[in-house]
Structure formats: C-alpha cells, structure tokens
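Me: I'd like to go through the wording used for this model and check each term against its definition. Could you take me through it?

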Amino acid sequence: MSCDGGFIVLPEHFFQRQKKQAHQRRAIDRWFQRIGLLLTLMTLGILAILLLNLAGNGLMRIDWQFLTSFPSRRAGEAGVLSAWVGTLLLMMVTAGVAIPFGVAAGIYLEEYAPKNNWTDFVEINIANLAGVPSILYGLMALGLFVYQFRFGQSVLSGGLALACLVLPIVIVATRESLRTIPANIREAAFALGATRWQAVWHHLLPYSTGGIATGVILAMSRAIGESAPLITIGALTFIAFLPPAPVLSHPPFLSFEWLFSPFTALPIQMFNWVSRPGEDFQPNAAAAGLILMLITLSMNGAAILLRKRAQRNIQW
Amino acid sequence: MVNPQSLSSASSEIAGGVVQSSPKVRIEKLSFFYGTHQVLKSVSMDIPALQVTALIGPSGCGKTTLLRCLNRMHDLYPGNRYEGSVHVQPDGMDILGPGMDPIQVRMRFGMVFQKPNPFPKSIYENVAYGLRLQGMSKRRDLDERVERALREAAIWDEVKDRLHQMAHNLSGGQQQRLCIARAVATDPDVVLFDEPTSALDPIATSKIEELIVELKKRVTVLIVTHNLQQAGRISDMTAFMYLGELVEFGPTNQLFTNPSKPQTEDYISGRFG
Amino acid sequence: MAPSRPFSHRLNQAVEGLMVWVLRFGGWISVLVSLGIVVTLVTESWPFFAQVSFHRLISDNMWTPLFADPQYGIGALLAGTLVTTGVALLVAIPLGTVLAIYLSEFAPTRFREVVKPLLELLSAVPTVVYGYFALLTLTPLLQKIYPDLPQFSMLSAGLIMGIMIVPYVTSLGEDSMRSVPMLLREGAFALGDGKLGVALRVVFPGAFSGLAAAYVLAISRAVGETMIVAIAAGLQPRMTINPLESAATVTAFIVQVSLGDLPHGSIGYQSIFAAGAVLFLMTLGFNLAGHVLRRRFHRAS
C-alpha cells in the first residue's frame, strides 16, 4: 500500500482479485438461472406429459358409446355413464351444502365475530381441517352419516363428506376476499346508517364475488377429483344402474330418492379400471382419466382467470 | 358562486355580537375512553346551527375522536366507552343515551372522510345508497334527490352526462365532492367533515371550501382541520383542543386575532403544532 | 329532519338479528366438522384399542388384523408411510426449494406470474390420475433401468407423490421468500454479492420459518396421501424400509379394507378407524407445527 497525496492507492493484485470474484459470482448466477429455468420447464412439462399420455392411451376410447354405457366385464363395452351421472349428483349435494355454509362462516368470522381466543381457536381449527387427509373425511362420513344418521352408503353421505372436505377452501376464500375491502368503505356505509348486515349484503358481498367464486370453483374442482373418501363410504365400483332422477314428470315434480341411492363416481370408476390386471381396461382408465383431467384443468384455469380479472376490476 | 371577499366577511358578521341561532348540538361533559386510556376529557361545547364550526389542534388532541363520537362511529370497534351527553335540537335527542340506536343517530349526521371513499358503484348509486337505506325506492324521487345532492356538492355539471359510470373514474377532488353529495343526499341535520381536503390539491381544496360555505345555508357543519388557514377561511366558530381538552371556543375572527388562552395563541402563531 | 320510518327500521333490526344467528351457526360449522371427525374416530376405534394391547401394536411383525390369527404390528403400515413419504420428500424438498429460489430471486415478474398458477395446477390433478401414471407409465420406465423392480413399489409411488407435492413447497416457499424486504437484499448486493449468494445468505435464512412451514405441510400432505400409494405401491402390508419393494401405507390399508364388505362393528370396520386415528394424530402434529411456524414467520416479517 502506498499513500499518494492523501489518497490510498491499492495495489494492482487487489483489483485483480476483485475482478475474479465478480466474474465468479456472475458465472454462478448465470448457471443457476439456466438450471432454474430448465427445472421449471421440466416440472411444468410433467403436466403436459400426463395429458399427452392420457390422450394417447384414452382419447380414441372416448365416443358416444363410452359416455352412455354402464360398466361391463367386457372392456370394449364398458362406459362411464353411471360414473359421470354419479359425479354430477354428488356435486349438487356438495355445492348445495358447502357454498352456503362456507360463505356464511366466512362472513361471520370476518365481519361479526369479536377477535378473541375463541376465534383464534376457530382459525387454527380451519387451518387444521384444510390439512386433514381426505380419507379421514371418508371415515367420519362412514361412522356419522352412513351409520349414525342412517343415510346409508348413498349420494347424500358422499356429498356431505365432500362438502366437509372442501368447506375450509370456501371459508378461507370468502375471508380473504372480504379482507381486501378497505375499512374506509365499510365506514362509509355505516356512516350512512347501514346495519352490519346491510353493509355486508349491499357492499361487501357484491365487491368480493370474484374472490368467492374463485374459491368455490377451486373447491368444486377438488371435490370432483376426490375418490378416497367415497371409497371409504362404500361407493360401489360396479354400478349398472342410474340413481332415480331428481325431477319427475308428475307431481310433486321433485324427488329426493336419488339422495339415498348407491352410487359411483368418475374417479372411482377410473380406480376400478386401473386396478384390474391385464391391459384390457387400460384404455378405459386412460379415457376416464382424460375426462377428469379436462374437467379439473378447465375449472382451475377458469378460477385463475377469474382471480386475475377480479384483481384488475376493482382497485382499492 | 362565493367570492373570496364574502368568505372572510362570513366570520366577521358574527364576530361583533352574540350568536343568534340556538345550538344545534349541545355537548355536555363528553369524555371518551379507549380501553382505560382517556382520550377526551369532559368536553362541553354548543355547536351553533347553520354555521361552520372548525375543530383545530395538534395531532392527537382528540378532535377526530370528538367528531366520531357524534355519529357513534366508535361503536363499531370494541373497547370504547362514552361519558356525558350530547343532545341534538330541535327534538333534544340524546345521542349517547342508554337506549339510543346508533344507526338512527348516523342517519341524522352525514360524514365525509379524510380519504375519498366512494363505493365501487356508479356515481348515481353512490348518492342514492343513503336514500335507499332510508326507504326511498321510487325512481323519480331518487332521480330528483340525487340531482339535488350533486348540485349542492357543486359537481352536477361535471357528471350529469355520466351518472351511470363508475365513481372510480373521477379525479380525487371529484370523488370527494361525490362523497359530500352522498352525505347530504339524505338531508342530515349536521355534516361532519374529517380533514376533507388533506389528500387533495389546492384547486380541488378551494372548490370544496367554497361548497362548504354554501352548504351551511342548509346544514350545520362541523369540520376537523389541520390547516389553520382553512379554518380561518371558512369557519364561523372555532374550537381549539389540546390533549383531549377543549381549551378555547369562540368566533373564529376573535380566536385568531385575540385568543384568550396562551396555549391557543402558541398554537396559532406556530410555536408548536 | 330526522327520518320517520319506524316500521322499516324495525324490520331492518329484525333482519339484522336473524342474520347474526344464521351466520353464527355457519361460523360454528367448522368446529362441528372437527368435532365430528374426532368423535367418530375415537368412538369407532375405541373397541379396537381396548382389546389390542399397546405391546402387540409395537412388537408384532405383521399387520394382519383380519386374519384368523391376527397380527397387530402397526409398524408395518407405518413403515410403508414412512418410506413413501421419505422418497416423496427427497424429490419435493430440493426441487421445490430450488424452484422457489429461482422464481423469487431470478425469474422476471411476468414469467413468475404465468408459471406460478401453472405449477399450482400440478397439485390440482386428481390423485387417481397420478396413481395411473405411476403404475402404468413410471413403473415400466423404472423397470427398464432396474429390471428387478416389482409391479408395485414404494419408489414409483413415492416419486410421483413428490411431483404432486412440489407446488406446495414452491408456492409457500416463494411467498415467504418474496416477503423478505428488499432492504435486506440491498445490503448484501451493495457489498458485491451475486443473486444466488444473496438468495442463500440473506433470503433463505430470512424466510426460514415460512419455508419450514412449507416443508412441514408437505410432509403432512405426503403422509395423508391415499390413492397414489393404493394404486402403485401395493396393498399388502409389509415391514420393510426398502423402497424397491411393495408395501401398504396406513391410508392404503383403509382403502383396501373398504373395498370389501364392511359390516358395522366388525373387526375390519374397527381396524380402519384405528388406522385412521393413528393417521389423524400424525397429521395433526404436522399441521399444528406448520401453523405455528407460519404464524412465527408472519410476526417476524
């Protein structure tokens, strides 16, 4: 080191070392950037591979016959009619229970409940429910709905099990959307003399429909793909009949018999076909899987778009 | 249109003599507690009818808290307690009375907030909301009241052709005037302004100051402001608060030129603030 | 001019009162569901635990409660769960963390905004589909590399489970990393560090409780997974820790028994609730740990 007119002049090799360090850092960064990009694309690629695999094995199997036939011991004749009808009926029950209760719970917890230890406990509880394995919901439904309440191994029990499963999703989505509305807006409504319910009904709910709808779609998408709880309840894997129709052509025009009927569902049917030894049913399984994937992917895709649009529309 | 000269003459009209109109709001020994912390200390004040009363004082003196006591906004949050009484004329309603419904109270007061907070609805619906709350539903009645309110807020000409567009498209100053229209649409007795121009530019500010002076012909105005010049420009009476107490209350002209308490004088001359 | 509409006002009061009760009931629903799960598991598994001693649970070699000479070694099921979860974590944690660092610290914003939802799609795929993929596509592929691999193996199921779990780690991890304030990073950058260095030395430690929460929740998810292991890892309980073998997990056992006849109160019926109770305790522990970690992270940031 030499001092030159008050400035400290650093020797040449010091600069050289700094230069080398800087180079190394940049090189490491560049490598990580490449690896990161590669891994990201590979991981996303798996999604594509899944779809292509299913399409390759099952697309040709999907035709009108497939969609309108009952399962059969002969692979060529087997179809998903009872499966998709079952899924549809299940979703009617699930949506009918999970949406009103979930939204109501979300509104209560976010707008009405005082902030104390009890509500803290409820929050922890909901977080825990979201992480409970789906099969345990099936076990609960088996003990409670199937036997205790005597609903039997029916659409009602299955739908209720799935509703309990997706309830936390709806609750959390409702709470988060309500939370994004600034206190300012609530105060403006109250200052004009609105009751709490009027503020919720006239303002808070309408402004948060985007977020709530997103949560509902995600919840239903999850419910459609679930099979473990349904197997536990006793959903049959070989059903060669359809549950009774909800609408009748004679008074009283509505029937509830279908709620108590045995049932099957799309993922259960696929599980049944996958589990068979031999290759005969693999195209059927792939076809069922393809249908499931298309349903869940499009629902999730719709939810993502909804979320983006809701974020753009209202800026707080 | 109000010209600058009459703005300053407004307060001098009153300065000479006793306030003629009976008080619109009589505040007696009002104390307010946030938990165990006492924020307002036995404030007593008569707010005159059809005049602009300004609440001034340094940050934390309790002026906004006092304002929010009048329409019981504090009830929305836990842990608050009122003591004392507040009576509104001509019927003598006790705002803080034991059986008093805060919602009824809120329907008699209008409030304009510091940051403009229009609902994400159309301009028309923003103004109509308070009217709908009070039971009005006939289209023709609503149209008439909405127009009247927008005129009173000096914004009718700017929005009359786009009543059904979203309120968010308006500028900040326009949004605040919309909020004023929303507050006056239901014909409240008193309108409470909480630092309404602190987030606005000077031109928008002066438009709002003008309309407040016009408004007082029909409603009583209570305005909290951080801006001493604003208080001097538009108010007839001024109340100076410090650390939760009402230090001095009197005609604006008098308080500004010849304050009787030394604290008032210190604040006004900028020795603290 | 005070409003003088007493009737509509009283109506409003009535509606308000009613709605509070309706909503309050909704608020209680989640508590009721939790209670339902716990009470059902306890009451239906109680007979099982009452007659099977703890000693047998840990010392028996096999889990065959439905056989004529029943064995109650639950270790066989736990081994299956442990190994499949372990394989899944070996995939999900490194991959998920690297992706989280990449998305948070390196990728351009637009890229991240597109990729993140796509990654989350990966966790939305129905688990039967993953099971199908594991059994019919991945296993044959693995068998080309290691011909002795059986048709059902914990390796195959575990690998696919890992892929399914990656979005959990990446999403939560990336959120935690991004909420580390820029100010902290700038201190390191100003000293001349590169992006990866800053990521590892400043961001990673700063986001640690959030990341730990993500890992713990991933574990919980893996432990609770049912269909992938039921389809691809096998339904025969076996006491082994070799991933190249087939075995049943706690969840697969419940599925297997449910597929058969299950009269109320039979030994099969009770045994699945016993397995369920064990599963519940495990995931409860992980979920609570994850929740505590996430709380701690929010408080620290």
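Me: Why is the crossing of helix 7 of chain B and helix 8 of chain B called right-handed?
Reply: The crossing of helix 7 and helix 8 of chain B is right-handed, so the near helix is turned clockwise. Bear in mind that this is a predicted model, where local features need pLDDT of at least 70, side-chain atom pairs count only at pLDDT 80 or more, and totals for chains, interfaces and linings use all residues. Residues are numbered from 1 along each chain as its sequence is written, while chains are lettered from A and ligands numbered from 1 in the order in which they are written.

Me: What makes helix 7 of chain B and helix 8 of chain B roughly parallel?
Reply: The axes of helix 7 (residues 172–184) and helix 8 (residues 202–215) of chain B cross at roughly 20° and come within 9 Å. Axes are lines fitted to C-alpha atoms, for helices over the stretch in contact, with angles from 0 to 180 degrees between N-to-C directions. Under 35 degrees counts as roughly parallel, over 145 as roughly antiparallel, 65 to 115 as roughly perpendicular and the rest as oblique. The two helices are therefore roughly parallel to each other.

Me: Which residues make that contact, and how do they divide by class?
Reply: Contact requires C-beta atoms, placed from the backbone, within 7 Å. Helix 7 of chain B contributes residues including B:Ile180 and B:Val184, and helix 8 of chain B residues including B:Ile208 and B:Leu211. The contact has 6 nonpolar, 3 polar and 2 charged residues. Here Ala, Val, Leu, Ile, Met, Phe, Trp, Tyr, Cys and Pro count as nonpolar, Asp, Glu, Lys and Arg as charged, and the others, Gly among them, as polar.

Me: Why are helix 4 of chain A and helix 6 of chain A called oblique?
Reply: Helix 4 (residues 117–131) and helix 6 (residues 155–179) of chain A pack at about 130°, their axes 8 Å apart. That angle puts them in the remaining class, and they are therefore oblique to each other. Their crossing is left-handed. A:Ile126, A:Leu129 and A:Ala130 of helix 4 of chain A meet A:Pro168, A:Ile171 and A:Val172 of helix 6 of chain A. By class, this contact has 6 nonpolar, no polar and no charged residues.

Me: What makes strand 6 and strand 10 of chain B edge strands?
Reply: The open sheet of chain B has 6 strands in the order 6-7-8-3-9-10, with mixed pairing. Two strands pair if DSSP finds at least two bridges between them. Strand 6 (109–112) and strand 10 (245–251) of chain B each have a single partner strand, so one side of each is left without a neighbour in the sheet. Inside this sheet, 5 bridges join strand 7 (residues 190–194) of chain B to strand 8 (residues 220–224) of chain B, and the two run parallel. B:Val191 stands opposite B:Val221 in strand 8 of chain B.

Me: How do you know that strand 4 and strand 5 of chain B pair?
Reply: Strand 4 (residues 80–88) and strand 5 of chain B share 2 bridges in the antiparallel sense, which meets the requirement of at least two. The bridge partner of B:Val88 is B:Met93 in strand 5 of chain B. Their open sheet has 4 strands in the order 2-1-4-5, with antiparallel pairing.

Methods:
Contact = placed C-beta atoms within 7 Å.
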